Structure formats: structure tokens, C-alpha cells
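Dear colleague,

I am handing over the structure we spoke about, and below it I have set out what I found. Please read the notes with the structure open beside them.

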Amino acid sequence: MTGGVAGSPAPFVPAGADPAAETAAMYATLDHALHRLAAIGPDLIEHANRIGEILWTPPRIVVVGRLKAGKSTLVNALIGVPVAETAALEATHVVTVYRNGAPSRAELVALDGRRETVPIVVGRTGPITVSDNDIAYIDRILPSDALSRLTLIDTPGLATLTESNERATRRALIDGVEQTRAAGVDADAAVFLFDGAPRADEVEFLRELGFTPLNTLGVLSRADAFGAGALGARDPIDHARAHADVLATRLAGYVAAVVPVSGLIAQTSHTGGFTERDARLLHALADLDAIDLFEILESDDPAPLSPDDRDRLLDLIGEYGVLHGRDRAGAGAAAVTDWLVDRSGIGYLHHLLNTAVHRYAVLHRADRVLREIEALAYSHPARDRIRTIADDSRRDPGGRAIPLYRGLRALLAADPDSPLVADLKRMLLGRNDAERLGLPIDADDERISAAATEHLVRAQSLALTTRTAAEDAALTDLTRTLTLLRSRR
Ligand SMILES: Nc1nc2c(ncn2[C@@H]2O[C@H](COP(=O)(O)OP(=O)(O)OP(=O)(O)O)[C@@H](O)[C@H]2O)c(=O)[nH]1
Ligand SMILES: [Mg+2]
């Protein structure tokens, strides 16, 4: 693959160290499995198509977190269109799936799987007549490039004023998944929002969601108002960045990273909400010192602004944006917007969502696809042939990560302190076989085989002390993978 500036050398990527290639290999392995499944008999063609639908639709990222953490604002920022309802009061009542497609429409999915069309009012979904208790989720379909790789799911806040909102989130994400397929939204990864330190019940919810730290990302939201806020001695966004690192260490058992983001600033900059008129309004405040500025922002007569214009600016970019955006406002709306994009932190969040989170969300998807094939092996007369297809997929280099991921999930649920958690994570995080064994990425075959042998010896000694069935199963998968790595197959 070539890329970058013409004439510049191609970056050195060691063989097998390209996560995108690995993801492509996983798709190819499962696609091949589904073709083999369909070839067994006409009745399996329908199953293969149904499972293929799961495989080939974009992975689903659910946005969860406490009430008012800024979830819907962030969803709007990520989509680049203000489609999700946001408000100072409790806003999101039902789980809403935002996915790419045409024509633009909204469908209500009831708990029993029935669908009905919901009116759309200026870009957002209109009033719903069905009781919230009977809704599994709203399926909002819109043509969106931002949604072509990932589907986003907005949820009602946890620990909400009305308990029924939290129930809606749980029903769709936790209870629903195993019980009624119709009611589950089948998320593949989570973005977990909090605006300070997450509370114990939020962390517990995260555990119940049943993902792994590989496909869960923490977002320290409202970074523009962090700590003492815009008027504090420390820049709130820089402060949030430092605090995010502390939280990432504390939450390492649950999230891959913690990214500080101002959803509000990102929403405004990514939906093109800041106009030349707004830049002129902001520029009129440029010469005020900070104390005078805040007095004006809070006063009944905020001259030189009208009360409406003051409210508009605060709604668009908050106090932080007004305080620091003033210096750039003379250069126009584009200059302010560039600055907002940069300060919002959304660029890095986008990057992680499209690389690491995407990679493990696809792996979660792949596990679901394999489970569907395995389920057929239980119920179909051609069970032996179907089982062989599933076994071959797991052994194929493209499908090898699936049992390891499944093992990690089971282990985190049953025995999160097991020493095997670290082994499985390293295996899944490694970009090539060398990294999977804890070696530098460019280690040669000889070192890889030697390291695999060492790891196998250790695995055998651990086999004597396993405490749970999940640990036993994880060890079996680990040993199988290490054996393959030892012989470099
Ligand atoms: N200053 C600031 N305000 C924000 C930010 N994100 C959201 N808000 C404001 O916080 C309020 C709640 O935002 P929402 O996006 O509706 O929060 P939510 O988590 O979806 O809320 P529920 O759906 O009710 O749980 C709104 O008034 C937003 O404008 C942010 O990054 N900075
Ligand atoms: Mg919301």
C-alpha cells in the first residue's frame, strides 16, 4: 500500500503487523465459513444470509454514562449533525440507534420486535405515542459518511431521575441481549462517559455490559468545564487531560484509555454551528478583561450583546469558548471553528474509534457470527459438517483471535484477577506474533519460537493451579495458540 506525501518513503510495517489487514483476514475467514455453510443445503442459505448480515453491517458502539454526562451532545458531534436531543433537563428517554442508510427515517422497535415508522421533526425524531415501557429502541437511519464505518447508539443516562430511563438502557443492553433477540441492540463496543470520577454503580454497570477493556473507551466529558472551569487558575482542558491519565490507570481493568473531550465544543465545530455573525459577536468582547467578561455574561443586560445573543454564544461554545475564542474571533468563523476542533479533543476520539475500538468491536462481532454458526451445529441435522466449519474458522489465522477474545470475556466475568487475563490481553493487543509473545515487533522467527516455548512451559505449570472453568478454557485456547506460534503456522 502506498500513502503519504509523494516521494516520501513508505513507512516500515513488519509482516503481519497491520491491524487493518488482520481485520480483513477475519472477515475473509468468516465469509468463507458462511459460503461453506450455504453450500451444505438449501435451508442453510437463509441462515448464511442472516448471519452474513451480522458480519457485514458496521459494528455498533454504544454511548453510556450518567445522566447529563453529555452523551447525546457527543453523538451529535461524532455524526456531525444535531440529530440527538440534548437538554439541560433529562433528555434521552429511549435507546436510539443511529446508522447509515437511506432514505432518512426513524422506526420504533417494540419489545416484541414489531417496527413502526416514527415522524421526524426537523432532523430529530418526533413525539412518540407508544409508552416508553414498550419500546426496545428507536432505529434512526440517515445517510451519513460518519456512520458508514460505525453505528452509534445513544442511551438514557444511568442513575436517572426517572428510574424507567435507566431500565430502558439496561433492557436493551444487558437483559435483552440473552433473553429476547428482538429487544437487544447488539452493541459491539462501548464509549463510557463520565465528567469526574466514575461512581461505583457506573463501573458495576460497565462490568455487567460484558465487554472487555479492549473494546471499551472512557471519555472524560465536559472537559471545557473541568475542575474550576473557565475562570479557574488552570486551563480546564489541560487539567482534564492530566486527570484523564490518572483515571486511565485507575480504570485499566475496564477501559482501554480515557480521552478528555468537550462534546459541546465538538458539536458546534462539527455541525458547522458557528457563523460569521457569531464571530462578530464574540469579537465585540475581545478587549474586556476576564472578570468583566464574566460579569457581563451573567448580567441581565449583557451589553454589548443582547440577552439572546449572549445565550446563543454560551449554548454554542460555553464559557470556555467565549473566554478564549475572543482572541481568534477577529479572523472570522473559520478560524474560531479550527480552534474549537483542536481544543475539543474529538479528533483523537475519532481516531481511536476508527482504529483500536473498531478493531475490537469487529472482533466482538466475529465472535457473535461464530456463535451463530455454533448454534446451528446444535440444532441442524448436518451438525458434524457445521461443527467442522466452526472449528476450521477458529484454527484459521484469520479467526484465531476469536476464541482468545471469548476466553478473555469469560475470564473477566468469572475470575478477573486471574494471571491469564494479562496473557490473553497481550495476545489480542499484539500487532504481530512477536508482540503477542511480548517481544519487540521486529523479532525474528527463531526468537518467536523460543518465546512461544517459554510461554508454553509457563502455561503448563499454570494448568495445575486453575481455579475456574473459565480459567481452564482460557488456558486451553492459549495453549493452542502458543503451539501454533511455536511452529510459526
Ligand atoms: N460545557 C459543556 N456542556 C456540555 C457538554 N456536553 C454537553 N453539555 C451540556 O450538558 C447538557 C446535557 O447534555 P446532553 O448531551 O443532553 O447529556 P446526556 O448525557 O445525553 O443527558 P441524558 O440523555 O438526559 O442522560 C446540555 O445542556 C449540554 O449542552 C460539554 O462538553 N461542555
Ligand atoms: Mg441524552
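Which helices each supply at least two residues of the shell around ligand 1? They are α3, which spans 71–79, and α7, which spans 263–270. Please keep in mind throughout that this is a predicted model, and that the values here are computed from it.

Of these helices, α3 gives the most to the shell around ligand 1, with three residues. In total, 19 residues surround the ligand, and the closest are Lys-71, Thr-73, Thr-92, Arg-222 and Asp-224. Sorted by class, the shell has six nonpolar, eight polar and five charged residues.

A polar side-chain atom of Arg-222 lies 2.6 Å from one oxygen atom of the ligand, while for Gly-70 a backbone N or O atom lies 2.9 Å from an oxygen atom of ligand 1. For Ser-262, the distance from a polar side-chain atom to a ligand oxygen atom is 3.4 Å. The protein covers 89% of the 660 Å² of accessible area that ligand 1 has on its own.

One residue of helix α7 may also be worth a look, namely Thr-268. Thr-268 has a relative accessibility of 4% and therefore counts as buried, the cut-off for that class being under 20%. Leaving aside neighbours within four places in sequence, Thr-268 is in contact with Gly-273, Phe-274, Leu-316, Ile-317 and Leu-340.

With best wishes

Conventions:
Residues are numbered from 1 along each chain as its sequence is written. Chains are lettered from A and ligands numbered from 1 in the order in which they are written. This is a predicted model: local features need pLDDT of at least 70, side-chain atom pairs count only at pLDDT 80 or more; totals for chains, interfaces and linings use all residues. Side-chain values use heavy atoms; hydrogens and water are left out. A residue is near a molecule or strand if one of its heavy atoms lies within 4 Å of it. A polar contact is a pair of N or O atoms within 3.5 Å; within protein, one must be able to donate a hydrogen and the other to accept it, and residues adjacent in sequence count only if both atoms are side-chain atoms. Accessible areas come from the Shrake-Rupley method with a 1.4 Å probe; for residues, only the protein chains shown count as cover. Helices (H or I, at least four residues) and strands (E, at least two) are DSSP runs, numbered from the N terminus. Ala, Val, Leu, Ile, Met, Phe, Trp, Tyr, Cys and Pro count as nonpolar, Asp, Glu, Lys and Arg as charged, and the others, Gly among them, as polar. Buried means under 20% relative accessible area, exposed over 50%, partly exposed in between (1.4 Å probe, protein chains only). Contact means heavy atoms within 4.5 Å.
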